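This report describes one protein chain for a reader who is new to structural description. Please examine the sequence and the model shown here before reading on.

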Amino acid sequence: MDFRILADSKLPLLRSREAVEVGRHLSRFLGATKVTPVDGFVRPARVGGVRIGAFSMALVELGAPASIEAFSLGDYAVMMLCLHGSAQMEVDGRTIPVLANHGLLGFAHGVVRATFSGDCARLVVRIDPRLIERRSLFGTARFELSNPAIEPFLEQVHSVLSSRAMIAAIDNEPSVCGRVEALLATLLQRTCLPAISDNTELPIASRDVRRAEAYIGSNVARNIRLEDIARAAGVSVRTLQTSFKRNRHVTPMQYLRNLRLDAARQRLLAGSSVGEAALDTGFSHQGRFAHYYRGRFGHSPSATRGGGVPPTIDASPPGQFSRE
């Protein structure tokens, strides 16, 4: 099934060696996206997608080792199917490898990061969260594409992507789009999710961590201390540190700093100056802010402000498709 989806796809494809253009095209389907190839594109990247109501699908073959950052202002579920090559996804501070013929499903909020091998080809499905109750998927789950319970959903995806007529009908006929969406939703809920949730690998955090996260989220820009967070969580500092390491693989203060850096990045992308973004998110020392920012995102705050990413999922499409 994996190679059939890739080989039989009739999606209109953008072929480009320009990282910005590739990112803009992906933004039409997956949320504002920034693509960074390690050493540039040796051959054109190939990307294409389709939106089907609550589902948005994209086939991505970058053809070079690369990283991707996808940005969202709200929750959504994302399913990444690795058809060839390999990928690494960053989830709650933990890096999760995804090999060929495997998939990953979880909830996303804010910034989603991933790195991909040069031969990686993948199908990414963005899913409206109303289709997946959080209690049915407490964390992020890996699964094998050969799982029989996944097959009906993948067969329907293959049927859609392998027909130019069906893709055109979905784009132009709301009734067709609605029926395909309903079928995909039924297959997802009745066959996929029960099997995938059995493989959930990142369990819901302990109560003290959830309390600490709620307190941190409400006080991102304030000068709060570790003792303040522990008090809000109702445990000792040592217990909280142990729980965070076990559940989130970072310390509470690292978790706070990462939230602040993500918030600062959103402000920079919205047009704030570097100084404004730093102060608004609780960084009083710009040198340290720049140091931490570079460590998290791989470039300076001024580079984000100068380059940026498309602002919304409805970003304008690039001018013309290039042809091979």
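Of the 324 residues in the chain, 48% are buried, where buried means under 20% relative accessible area, exposed over 50%, and partly exposed in between (1.4 Å probe, protein chains only). The model is predicted, so that local features need pLDDT of at least 70 and side-chain atom pairs count only at pLDDT 80 or more, while totals for chains, interfaces and linings use all residues. Residues are numbered from 1 along each chain as its sequence is written, and side-chain values use heavy atoms, with hydrogens and water left out.

The chain contains 12 helices and 10 strands; these are DSSP runs numbered from the N terminus, with helices (H or I) of at least four residues and strands (E) of at least two. A contact requires heavy atoms within 4.5 Å. Among contacts between residues at least 6 apart in sequence, 75% join residues at least 24 apart.

**Nonpolar cores**

A nonpolar core is a set of buried Ala, Val, Leu, Ile, Met, Phe, Trp, Tyr and Cys residues joined through side-chain atoms within 4.5 Å. The largest such core has 39 residues, and Ile-52, Phe-55, Met-79, Ile-127, Phe-153 and Leu-188 have the most contacts inside it. Helix 5 (residues 174–197) contributes the most to this core, with 9 residues. A second, separate core has 31 residues, including Val-22, Ala-70, Val-78 and Met-89.

Beyond its neighbours within four places in sequence, Phe-55 touches several residues, among them Val-125, Ile-127, Phe-153 and Leu-188.

**Packing of helices**

Two packed helices are described by the angle between their axes and the distance between the axes. Axes are lines fitted to C-alpha atoms, for helices over the stretch in contact, and angles run from 0 to 180 degrees between N-to-C directions.

| Helix pair | Angle | Axis distance |
|---|---|---|
| Helix 7 (residues 226–233) and helix 8 | roughly 85° | within 9 Å |
| Helix 8 (residues 237–247) and helix 9 (residues 252–269) | about 60° | 8 Å |

Helix 7 and helix 8 are therefore roughly perpendicular to each other, whereas helix 8 is oblique to helix 9. Angles under 35 degrees count as roughly parallel, over 145 as roughly antiparallel, 65 to 115 as roughly perpendicular, and the rest as oblique.

The contact of helix 7 with helix 8 is made by Leu-226, Glu-227, Ile-229, Ala-230 and Ala-233 of helix 7 together with Val-237, Leu-240 and Gln-241 of helix 8. In the contact of helix 8 with helix 9, Leu-240, Gln-241, Phe-244 and Lys-245 of helix 8 meet Pro-252, Gln-254 and Tyr-255 of helix 9.
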